[in-house]
Amino acid sequence: MHAPADHLATRSRWFRFSATMVWLRDLTLGRHPLMLWLVNAGVLLLLAGWIVWDARFSSTWDHLGFQVGWLEDGSDLDEFANSLAAQWKIVALGLMVVVGGVSLGMLTLGMTMGSRGHRTLASWMVVLSLGCGWLGLINGWDELIWTGKRIRIDAHVAAFQPIAHSLKQDWPSIDGESESLGPFMAYPSGKPKTLLLLTTPPMAKSGPTFSSIERSDAGGIRFQLSGNERGVWLEWHPSGNQPESFVGGLLEPHHLRRSVSLGDGWFLARYNQAAMAS
């Protein structure tokens, strides 16, 4: 006698549960993924632009990784995060990563469990395109950083030309001081190949700074960039020459990783720097 009533009660509870789940799904994912598409695509484009245009993006990322526990060793981190502006950049980057990851996860979930708007062919195409965009960003991370450095430094090559021309004409043979470099030390003694700057060069006020200068056997001039653009070298080489692995005046081997021509004999180069030779 009670079976039909129990059956109806069970169906009623299941209906209410299903309705609640659909309500929560639509509340979380929305009936159409357009807003999630825009949010995810916006974060993807902003992050890509940030990587290219911000010279300190790598430092921001490293500090974020250390603060959230992705990196256990913080000994290689610089003092970038000491300023309030840098802390805000780290927080902003963390929020972008979270928003990008959560929105992409919600879009992926919506492809199988979302409303009809999430499961259309157009939605699948958009989500797959966004997923490919994120994979491309992750795989091309270093390439974007390199492109950004090339664009920024290329705009300041003209400021290095007078210094390079002066050094080509009169390479110092002893420690000294010049108007464009400030005080410097020359190594090795007697026939120096390396100039170590003791102060920040004056041109750093309007462009990239550098910490040392190397002279190649063929007469090329290599500027080791520092500050925001640390990790790369701006080099001038005579016609027919280009960046290559070398041993500096302090007996430090530098193994060429990559280089790109900036025109008129100028190159941007990156090296793996080995330990000092004995």
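Me: Which residues make the nonpolar surface patch of about 440 Å²?

Reply: Before the case itself, note that this is a predicted model, in which local features need pLDDT of at least 70 and side-chain atom pairs count only at pLDDT 80 or more, while totals for chains, interfaces and linings use all residues. Residues are numbered from 1 along each chain as its sequence is written, and side-chain values use heavy atoms, with hydrogens and water left out. Patches are made of residues with over 30% relative accessible area and no salt bridge, where like charges are joined within 9 Å and nonpolar side chains (Val, Leu, Ile, Met, Phe, Trp, Tyr) within 5 Å; the areas come from the Shrake-Rupley method with a 1.4 Å probe, and for residues only the protein chains shown count as cover. Here the patch is formed by Leu34, Met35, Leu38, Val39 and Val99, and helix α2 (residues 34–53) gives the largest share of it, four residues. Helices (H or I, at least four residues) and strands (E, at least two) are DSSP runs, numbered from the N terminus.

Me: Is Leu34 buried, partly exposed or exposed?

Reply: Buried means under 20% relative accessible area, exposed means over 50%, and partly exposed lies in between (1.4 Å probe, protein chains only). Leu34, which has its place in helix α2, is partly exposed because its relative accessible area is 45%.

Me: How many residues does the largest nonpolar core have, and which have the most contacts inside it?

Reply: A nonpolar core is a set of buried Ala, Val, Leu, Ile, Met, Phe, Trp, Tyr and Cys residues joined through side-chain atoms within 4.5 Å. The largest one in this model has 25 residues, and Phe210, Ile213, Phe223, Leu234 and Trp266 are those with the most contacts inside it. Elements that each supply at least two residues of this core include α6 (141–154), α7 (157–169) and β4 (209–215), and its largest share, five residues, comes from α7. Apart from it lies another core, of 22 residues, with Leu47, Trp50, Trp134 and Ile145 among them.

Me: How many salt bridges are found in the whole structure?

Reply: A salt bridge is a side-chain nitrogen of Lys or Arg within 4 Å of a carboxyl oxygen of Asp or Glu, and a search of the whole structure finds seven. In one of them, the side chains of Arg258 and Asp142 meet at 3.9 Å, N to O; since Arg258 lies in strand β8 (residues 253–263) and Asp142 in helix α6, the pair ties together parts that are 116 residues apart in sequence.

Me: Which residues form salt bridges with Glu229?

Reply: Lys149 forms one, with its closest N and O atoms 3.0 Å from those of Glu229, and this pair links helix α6 to the loop between β5 and β6, 80 residues apart. Arg152 forms another, at 2.7 Å, N to O; Arg152 also lies in helix α6, so the pair ties together parts that are 77 residues apart in sequence. Lys149 and Glu229 are buried, and Arg152 is buried as well.

Me: Where is Arg270 found, and which side chain does it join in a polar contact of 3.2 Å?

Reply: A polar contact is a pair of N or O atoms within 3.5 Å; within protein, one must be able to donate a hydrogen and the other to accept it, and residues adjacent in sequence count only if both atoms are side-chain atoms. Arg270 is in strand β9 (residues 266–273), and its side chain makes the 3.2 Å contact with that of Asp142. Arg270 counts as buried because its relative accessibility is 8%.
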